[in-house]
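Welcome! Take a look at the structure first, then try each task before reading on.

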Amino acid sequence: MSQHNDDTQVSEESPTKTAHVSSIPSVAPIWFVPIAALLIAAWLALKAWQETGPTLNIVFEDAAGMAVGKTEVRYREVVVGKVVDIKLADDYEKVQVKVDMDPHIASQISKNSRFWVVSPRVSLAGVSGLNTLLSGVYIEMDPGDSGQFVDTFEGLSQAPAFRSYDKGTQYRLNAKKLGSLDVGSPIYHRDVKVGWVTSYQLIPEKQNVQLRIFIEHPYDALVKDASNFWNVSGFGLNFGADGIEAKLASVASLVAGGLEFSSPPGFSQSLEQSQENKEFYLFEDKKAVQNGSYSVAYPYLLRFNGSIRGLKVGAPVEFKGMQVGEVTSFSIDTDEEEKAQGADIAVKISIQPERINRQQLISWEELDELLGNLVSNGMRAQLKTSSIITGALFVDLVPGLEDKQDKLGLISSEIYSEIPTAESQYQQLSNEVASIIKQISAFPFESVGKNVDQGLARVNTLIAQLQPEKIGKDTAEIISNLKTASQGLDQVVEDFDATLKTVDRTISSDSRVYNEMVRMMEEIAEAADSFEKLTDELNRHPNSLVVGRGAKE
C-alpha cells in the first residue's frame, strides 16, 4: 500500500504536457514569376554595366564629316567606340563630340591619350586617308603612355608625326635654315627611307632652326654620335671642273624635302647607338659634310697682281689634281711695301693636312717644311680655270713651274706663311698677244710704202722702155744700118743679104716670134698696172698688208 501511495504522489507532482500546433504562412505560386523577372533584370543590368565602357567628351575645331551613330573611333584599324552626340561647346567656337567607348579599351585611356579626325588629306609628305572616301571620316585614337584616367580631351587638328606604339628613337637637328623641309619629310640611309621629320621650331637665341626627327627601329641603331646628317632637298646643278653635276636624291625629296645620314666608315659597328634626343648639326649638302669632316686647317697667303674674277670663297686648292685645301678669303693688299709696287690682291687659303695624309696628321711646321722644299724647286701658286662655261677659277700649286735656279723660298710668319705665285695662263696669253700687237704697231708701214712706190716707178720706167712699138722701130733702124754697111762688101753682102732676109722674115710684123714678143710685152704692161694699183692701195691703207683689206671697212 505504501508503494501505491508513493506512485500516486509522484504522479501528482509531475506537470501535465500540452502539444502546440504552429501554422506556416504559404506563398502563392503566382509570385514566383515577378521575382524571377526581377532577378534576371538585376543580372542583366549588372552585366550591361560591366560591358559598358566610359563616355568621353572630345573637343574639335569642327564636326566636318562626322555623324551621330555612324562615325567610329578606331585604334589600329579596330573599332573601339562610336559617336553618340555632337553639339556646340559652351563658347560656341568649337564642337563637343560625345563618344561611347568599348569597356575593353578603358584601361588604355589616360591623360596622355590623343584623338584626331582621319579624312582625305594631300600634303607635301604624301596622300593619306583615301579609305575614308568610301567609309567616311573616323576618329583615330592613340593611347599614349599610361597615366591618370580622364574623360575630356582636346582633339588634334592633324595626325601626329608618329604613334606612341611606333618603335624607334627621336633625335634633334640644328640647322641654319629650314629650306624646303617640313613635317613628314623623309630621312634616308643608303637611299632607304628610315624615318621622317616630326616637328621644327625657330630658336631665336641660337639663330637657327631645330628639327625633331624620328628614326624607326631597327634603323635607329645606325645612328652614332659620329654620324653626319645633311640636306638632300630639291634639285641643284653644280658647274665644276668635272662638268655639270646634277643633285637629286629622289622624287619624294624633290617635293617634300628630305635628309640623309651616314656614319664614318669603320666606326659603324664599334660605336654604340646615340641616346634619345641627341643633338646633331644638319649640313647643307654632302659636300659640306666632307669639308666639315676635316678638323684641322693651316692658313697660307697668296698675292696676285692680276684680276681674280671668277675666284670664290670655297674654291678648291689643288696639288697635281688632288684637293688639299680651299680659298677662305681675299682682299686688296694693304701692305705698305707692296703699295709702292702697285696694289695686289691678297688671297688667303687653308691647307687641310688630313687631305694629304689621313693616316698621319702632320704639324704646321712639318707642312711648312714640305711646302718650302717644293717652292725652292720651282713650285708656284697659279690661278686656273675650272669651268669654261662659268669662268670659275681655282688655285693650283704647280711644281717646277719656275726655274730651279730661282732660290725664292716660302716666306714664313707667325700668322701665316706666304707661297709665291705665278701669272695665270690667261695673263700669260694676254701678255703674248699684247707683245705681238706691239710688234705689229712698231712695223714701219710708211717707210715700206715709200720704198714700194719708188720700186714701182722704176718698174714703170723699165716697162716704158720695153714697149713693142719702140722695139720694132729700133729693129728697123738696125736693119737699115746693116743694109748700108753691106753695100761696100759685095760678096759679104750677098751672103749676109740672105741672112738678113731670114732675120727680116723672123721679126716681121706677121711672124710668130713678133706676135709672141708683142703678147709678152702686153702681159708685162698689165702686171705693171696691177702692181701700180697694189702700191696705191698700200699708200692709202698700209695696215691692209697685215690685217687684210676688210679692216678699213
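## Exercise 1: A residue in a loop

Asp 102 touches Gly 53, Pro 54, Val 79, Val 80 and Gly 81, leaving out residues up to four places away in sequence; contact here means heavy atoms within 4.5 Å. Before we go on, a word on the background: this is a predicted model, in which local features need pLDDT of at least 70 and side-chain atom pairs count only at pLDDT 80 or more, while totals for chains, interfaces and linings use all residues. Residues are numbered from 1 along each chain as its sequence is written, and side-chain values use heavy atoms, with hydrogens and water left out.

Task: Find where Asp 102 lies, and work out how far apart Asp 102 and Pro 54 are in sequence and in space.

Solution. 
- Step 1. Asp 102 sits in the loop between β4 (95-101) and β5 (114-118). Strands (E, at least two residues) and helices (H or I, at least four) are DSSP runs, numbered from the N terminus.
- Step 2. Between Asp 102 and Pro 54 there are 48 residues of separation in sequence, yet the C-alpha atoms are 7.3 Å apart.
- Step 3. Asp 102 counts as partly exposed because its relative accessibility is 27%. The cut-offs are under 20% relative accessible area for buried and over 50% for exposed, with partly exposed in between (1.4 Å probe, protein chains only).

## Exercise 2: The nonpolar cores

Task: Which residues have the most contacts inside the largest nonpolar core, and which element gives the largest share of this core?

Solution. 
- Step 1. A nonpolar core is a set of buried Ala, Val, Leu, Ile, Met, Phe, Trp, Tyr and Cys residues joined through side-chain atoms within 4.5 Å. In soluble globular proteins, nonpolar side chains tend to be buried together.
- Step 2. The largest core has 26 residues, and Tyr 300, Leu 311, Val 395 and Ile 419 have the most contacts inside it.
- Step 3. Elements giving two or more residues to this core include β19 (298-304), β21 (322-332) and α8 (364-376). The largest share, 4 residues, comes from β19.
- Step 4. Now zoom in on Tyr 300: among the residues it touches are Val 347, Ile 349, Trp 364, Leu 367 and Ile 419.
- Step 5. Another core, of 20 residues, lies apart from this one; Phe 60, Val 80, Met 101 and Ile 109 are among its members.

## Exercise 3: Salt bridges

Task: Compare where the partners lie in the pairs Glu 154 and Lys 94 and Glu 418 and Arg 303.

Solution. 
- Step 1. A salt bridge is a side-chain nitrogen of Lys or Arg within 4 Å of a carboxyl oxygen of Asp or Glu. The structure holds 9 of them.
- Step 2. Glu 154 and Lys 94 meet at 2.7 Å, N to O. Glu 154 lies in strand β9 (residues 152-154) and Lys 94 in the loop between β3 (78-88) and β4, so this pair ties together parts 60 residues apart in sequence.
- Step 3. Glu 154 is partly exposed at 48% relative accessibility, and Lys 94 is partly exposed at 25%. These two residues also belong to a network of salt bridges with Glu 61.
- Step 4. Glu 418 and Arg 303 meet at 2.5 Å, N to O. Glu 418 is in strand β25 (residues 417-418) and Arg 303 in strand β19, 115 residues apart. Both Glu 418 and Arg 303 are buried.

## Exercise 4: A polar residue in a strand

Task: Is Asn 174 buried or exposed, and which side chains make polar contacts with the side chain of Asn 174?

Solution. 
- Step 1. Asn 174 is found in strand β10 (residues 168-175).
- Step 2. With a relative accessible area of 13%, Asn 174 is buried.
- Step 3. A polar contact is a pair of N or O atoms within 3.5 Å; within protein, one must be able to donate a hydrogen and the other to accept it, and residues adjacent in sequence count only if both atoms are side-chain atoms. The side chain of Asn 174 makes such contacts with the side chains of Gln 210 (3.2 Å) and Glu 279 (3.0 Å).

## Exercise 5: Backbone details

Task: Where is the cis peptide bond between His 217 and Pro 218, and what is phi of Asp 191?

Solution. 
- Step 1. The cis bond joins His 217 and Pro 218, with omega about 10°. Pro 218 is in the loop between β13 (208-216) and β14 (228-231).
- Step 2. Asp 191 has phi near 70°, a positive value in a residue other than glycine. Asp 191 lies in the loop between β11 (186-189) and β12 (192-203).
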